[in-house]
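Hi everyone, thanks for coming. Today I'd like to walk you through a ligand site and the spaces inside a protein. Please have a look at the structure first.

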Amino acid sequence: MHGVGVSSGIAIGHAHLISHALLEVVHFKIEADGVEDEIARFERAIGLVKQDLEQLKAQLPKNAPAELSAFINTHLAMLSDKSLSEAPKTIIRNELCNAEWALKQQMDDIVAQFDAIEDAYLRERKQDVVQVVERVIKVLLGRDQLAASEKKLQARQERAMILVAHDVSPADAIQFKHHQFAAFITDVGGVTSHTAILARSLNIPSIVALQRARDLIDDGELMIVDGAAGMVIVNPDPEVLSEYRLKQNQWQLAQQKLQRIKTTKAVTVDGVAIDLLANIEVPEDVISAKASGAVGVGLYRTEFLFMNRSEMPSEQEQFEAYKHVAEAMKGYPVTIRTLDIGADKQLNPDEVVTATNPALGLRAVRYCLAEPHIFHTQFRALLRASHYGQVKILIPMLSNLAELRQARLLLERAKESLRKQNIPFDEHIHLGGMVEVPAAAINAEAFAQELDFLSIGTNDLIQYTLAIDRADDAVAHLYNPLHPAVLRLIQLTIQAAEKYQKPVSVCGEMAGDIKLTRLLVGMGMRQLSMHPSHILSVKSQILQSEESVLAKQAKKILSFSDLEKIEPLIKKFNGELL
Ligand code: PEP
Ligand code: MG
């Protein structure tokens with residue numbers, strides 16, 4: 001099977017299928033004389049889930065938080081409520097449809113009613129409905145109960161497991177950080193979707209856009225995942241298996257060899273130094289950041305602190321996370337990005353998205369300006385953390401100066417409130433902005449003037465410049481960082497930063513792609529921030545390059561406006577190295 005490789009390496013292991021019951025519900029008609037059986041099937045499923053929940057409640061440890069049993073009680077009460085336990089039966093009778101479909105219809109109806117509630121707390125309770133319905137649907141579909149699946153997973157931890165899913169939301173993926181998988185493959189997704197970024201951050205081979213892998217692969221089947229080639233081989237014969245075991249060893253050896261340059265400075269042959277920084281998602285990632293020899297954190301995506309929970313993290317919780325990173329990086333710069341929520345990153349993965357075009361909607365800085373208390377709390381936490389290391393603040397998705405000015409005003413208010421309380425912070429903290437919307441790149445001079453630094457988010461810059469959804473596999477083949485329009489926007493941003501003598505970096509996935517290192521350095525980029533696992537291979541490119549040669553070649557590449565001419569030139573450009 002072929003898909004899009006998003007993280008290199010070779011894994012050999014057994015499939016662990018992840019189901020997403022709500023996505024798997026299909027609609028089919030039943031015969032009139034099958035109605036009573038279908039209703040009985042529905043009642044049995046409700047009964048089983050109730051039993052399961054009662055058992056869970058009885059087994060809760062004494063020191064379990066009180067909310068947990070309250071939460072189970074809510075689900076139990078919902079299962080007994082007529083709107084869930086009776087209404088679907090009427091739908092089965094009237095529409096002669098299967099039980100899963102009837103229940104899903106009823107759920108959508110209830111969720112729509114919740115959406116109309118003004119009270120935010122009550123509105124959020126719709127999640128409980130979705131979760132409880134998902135449990136019942138899993139039983140109806142004959143899927144393992146969640147607990148059983150967890151148990152199976154634990155039992156399987158002994159051998160290499162390969163996670164196979166239709167799709168995984170960023171919020172789900174962050175949970176997988178706690179499990180040891182050898183590889184990660186999904187039916188849908190694009191190279192720079194947030195799911196792919198997280199998959200990469202697990203530092204294991206991953207492939208997305210495999211179309212029907214989840215259907216075609218059986219649970220427990222032996223398979224090979226070749227991340228670089230974007231290829232999955234299911235049930236390999238012995239020769240293929242031994243060939244891949246050899247490849248796996250070679251790959252591991254090459255990785256070990258790179259370790260030799262871990263403490264070497266990233267400097268070109270003619271003496272131009274490039275800062276190689278790490279992108280992190282959770283505070284624990286500082287361990288791999290330091291292990292990779294990164295000279296700082298160039299992008300800390302804080303949104304993962306806000307996901308998979310019903311309440312916002314408090315100022316204290318945020319402060320502790322940011323302080324941990326600032327202290328652990330021991331004086332190296334730590335650039336922390338304010339909450340970038342929206343588009344393919346939802347606070348709650350089960351929440352139904354109503355925006356017709358979420359990537360163009362209330363995302364990132366727009367969201368935070370609409371909810372200033374969230375911004376205020378995060379700014380206070382960031383400022384407090386700045387006392388413990390070299391913290392810089394980065395604002396995502398800026399498209400106009402007004403957003404920047406409003407954000408700065410809120411930052412000043414947060415500073416003022418800390419001063420009043422005599423809480424120490426870095427008075428000279430740097431404020432930077434992401435250049436990831438074409439408007440910001442075209443208008444980069446204005447942003448360079450008002451900000452302390454710029455950071456180019458190429459993942460979104462490409463998405464918005466080329467009008468290609470970064471998470472949509474159907475258009476993944478059109479997502480091309482070498483598109484001349486993208487290169488020109490990067491060039492404009494670099495020139496604006498140079499004019500106002502402000503540092504500029506690339507923190508999108510382009511920074512960690514060794515096929516683009518020489519081009520970016522040639523264009524004048526002196527800071528690259530990437531997933532820690534790419535730092536050594538990018539460094540190896542830099543150590544073998546001469547900046548003056550790269551500059552000339554980059555200039556030539558930039559003079560073309562035809563992608564078909566640029567691509568072969570890049571190949572030639574990298575020729576002797578890759
Ligand atoms: C980017 O858009 O390139 C970026 C670094 O931000 P994110 O991938 O988190 O959207
Ligand atoms: Mg972005």
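Before we start, one term: a polar contact here is a pair of N or O atoms within 3.5 Å. Please also keep in mind that this is a predicted model.

So, which atoms does ligand 1 meet? One of its oxygen atoms is 2.8 Å from a polar backbone atom of Asn-459. Arg-470 brings a polar side-chain atom to 2.8 Å from an oxygen of ligand 1, and for Asp-460 the distance from a side-chain N or O atom to a ligand oxygen is 2.9 Å. On its own, ligand 1 has 290 Å² of accessible area, and the protein covers 100% of that.

In total, 17 residues surround ligand 1, with Arg-301, Arg-337 and Gly-457 among the closest. What kinds of residues make up this shell? Eight are charged, five polar and four nonpolar.

Now, where does ligand 1 sit? It is in the largest cavity, whose volume is about 70 Å³. This cavity is lined by 15 residues, and Met-434 and Glu-436 are among the closest to its centre. H20 again provides the largest share of the lining, three residues.

Finally, the second largest cavity holds about 50 Å³ of space. Its lining includes Ile-197, Arg-200, Ser-201 and Arg-301, and helix H10 contributes the most, with three residues.

Technical notes
Residues numbered from 1 in each chain as written. Chains lettered and ligands numbered in written order. Predicted model: local features only at pLDDT ≥ 70, side-chain atom pairs only at ≥ 80, totals over all residues. Heavy atoms only, no water. Near = heavy atom within 4 Å. Polar contact = N/O pair within 3.5 Å; in protein donor to acceptor, adjacent residues only side chain to side chain. Areas by Shrake-Rupley, 256 points an atom, 1.4 Å probe, with all protein chains shown as cover. 1 Å grid on protein atoms, 1.4 Å probe; cavity = no way out; pocket = protein on both sides within 12 Å on 5 of 7 lines; lining within 4 Å. Sits in = over half its atoms within 2 Å of the grid points. Nonpolar A, V, L, I, M, F, W, Y, C, P; charged D, E, K, R; others polar. Points joined across faces, edges and corners; volume = space filled by probe spheres on them. Helix = DSSP H or I, 4+ residues; strand = E, 2+ residues; numbered from the N terminus.
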